[in-house]
Amino acid sequence: MAIPGIEELFELQRLPNDGLLLLLFLLYVPVGLCLMLLRIFIGVHVFLVSCALPDSLVRRFIVRVMCSVLGMYVKQDNPRQRDKNVKLYICNHVTQFDHNIINLLTSCNTPMAEGLPGFVCWARGFMELGMMSGRSEMAESLRQYCSTEGNLPLLLFPEEETTNGRVGLLKFSTWPFTVSDSVQPVALIAKRPFIPLNTEESSWITELLWTFFIPFTVYQVRWLPTVSRQDGDSSQEFASKVQELLAMKLGVVSTQITRADKIEHIKRKRHIAPRTTNSTHSGARPRTNPLGFMASNSGVEDVRIAGMAQQVKEVLPDVPLSVIKRDLVRTNCVDTTITNLLEGADETPSDSLGVFSATSSRSQFSTVTAPAPTLKVRLPTAKSFGKSPFDRHMSLQERKEALYEYARRRYIEKHGLNQEMENEH
């Protein structure tokens, strides 16, 4: 199976791209809103019941039935394979409520890896450990917890971040595998219609409301055989072994992409998207190469841009090559660059086109008796913006024809062809 790219592991868009699914989703919206409001009311009662009843098989059964009304259906495979003597469950991470789903099947504790302890931590079903300075301190605290008789098993998520659960697993962190030498892997599969299970940078409250909005979300839990550390196995080897086993049972790929890679990927997406949007709306003329600023990094692109710059230079000999190349990198079109330089003559005279009016009269062509006319005088401009594409196209054609005529006249004057023609006559 091919190794997936990092963008395939996460979802950044909530709504479906398929037209048919989007239409069905829009038709479902009124029903979903009513369902969400009803489930919020029921969800409050589920929370109160789970708080009032003691931890037991009866409470788990009642809460599981009530969660089905909330649209969270939980199934499990091989329930007898669950090892009651193991102190650590290792599970893949697909939603922000995975620990609550596992708790509907068996009693276990999941420590809050990040975030402040308090009511929200307790209400979400996490175990409070207090403020920890790092993962090593947390691992030491959890080792002491597991060594104490009578404590409930721990449920940890070595990926440390959620994925879409479809193509691959994040690289497992090693610190959970220093807590215990025996772990039981738990494969969690979740599916829902219309929208993905989660989107990046979405809060747990938003995800909870979407769970209430969608008609149902099906969770399937598979208990896998207990895996023990072999003599001489390091924590990394132990983690890789469990990761490969989980990936095989889930039918996905075991990747080397880490939690830090995901955070960096989201940062790049967050910064590139606004820049692309601003570049699209900042100018009236669309840019055909949105990654043009990277073109100078390629030798092939340098040669192509240089060739196009020479074509523009033949038409606009007084414009510096640096200015021409800078605009070509953005437009990737000779005609568009010529038009941009002409229309920008009044805006940036010192940087690009001011040389037409400032240097044409004192240029090196001293042999010319009459001063060369400035481009601003020679070029006709449209009296009004054309109402139709044809009118605007003709206006552009007129300016380009005048430009070519001006360039031809400058060429004849530069090489003295007009004097040779007079001598021949």
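Predicted model: local features only at pLDDT ≥ 70, side-chain atom pairs only at ≥ 80, totals over all residues.

**Helix pair.** I started with H1 and H2, which pack at an angle of about 175°, their axes 10 Å apart. Anything over 145 degrees counts as roughly antiparallel, so that is what H1 is to H2. I then listed who makes the contact: H1 brings Arg 39, Ile 42, His 45, Val 46, Val 49 and Ser 50. From H2 come Arg 59, Ile 62, Val 63, Met 66, Cys 67 and Val 69.

**Cores.** Next I looked up the nonpolar cores. The largest has 32 residues. Which residues have the most contacts inside it? I got Tyr 89, Ile 101, Ile 102, Leu 155, Val 186, Leu 188 and Val 221. H1 gives the largest share, four residues.

Skipping neighbours within four places in sequence, I found Ile 102 in contact with Cys 108, Leu 155, Val 186, Val 221 and Trp 223. There is also a second, separate core, with 26 residues; Trp 175, Phe 177, Ala 187 and Val 242 are among them.

**Lys 87.** Where does Lys 87 sit? I found Lys 87 in the loop between E1 and E2. Its relative accessibility is 23%, so I filed Lys 87 as partly exposed; the cut-off for buried is under 20%. Beyond four places in sequence, Lys 87 is in contact with Cys 146, Thr 148, Gly 150, Asn 151, Pro 153 and Leu 154. For Asn 151 I looked at the atoms: the Lys 87 side chain reaches the backbone oxygen of Asn 151 at 3.0 Å. I also checked Lys 87 against Cys 108, 21 residues apart along the chain, and got 9.2 Å between the C-alpha atoms.

**Confidence.** Last, I looked at pLDDT. The chain average is 78, with 75% of the residues scoring at least 70. Residues 279-298 fall below 50, and I see 18 contacts in the model for this stretch beyond near neighbours in sequence. Residues 345-383 also stay under 50; for that stretch the model has 50 contacts beyond four places in sequence.

Key: Residues numbered from 1 in each chain as written. Heavy atoms only, no water. Core = buried A, V, L, I, M, F, W, Y, C linked by side-chain atoms within 4.5 Å. Buried < 20%, exposed > 50% of the residue type's maximum accessible area, 1.4 Å probe, protein only. Helix = DSSP H or I, 4+ residues; strand = E, 2+ residues; numbered from the N terminus. Contact = heavy atoms within 4.5 Å. pLDDT = per-residue confidence, 0-100. Polar contact = N/O pair within 3.5 Å; in protein donor to acceptor, adjacent residues only side chain to side chain. Axes fitted to C-alpha atoms, helices over the stretch in contact; angles between N-to-C directions. Parallel < 35°, antiparallel > 145°, perpendicular 65-115°, else oblique.
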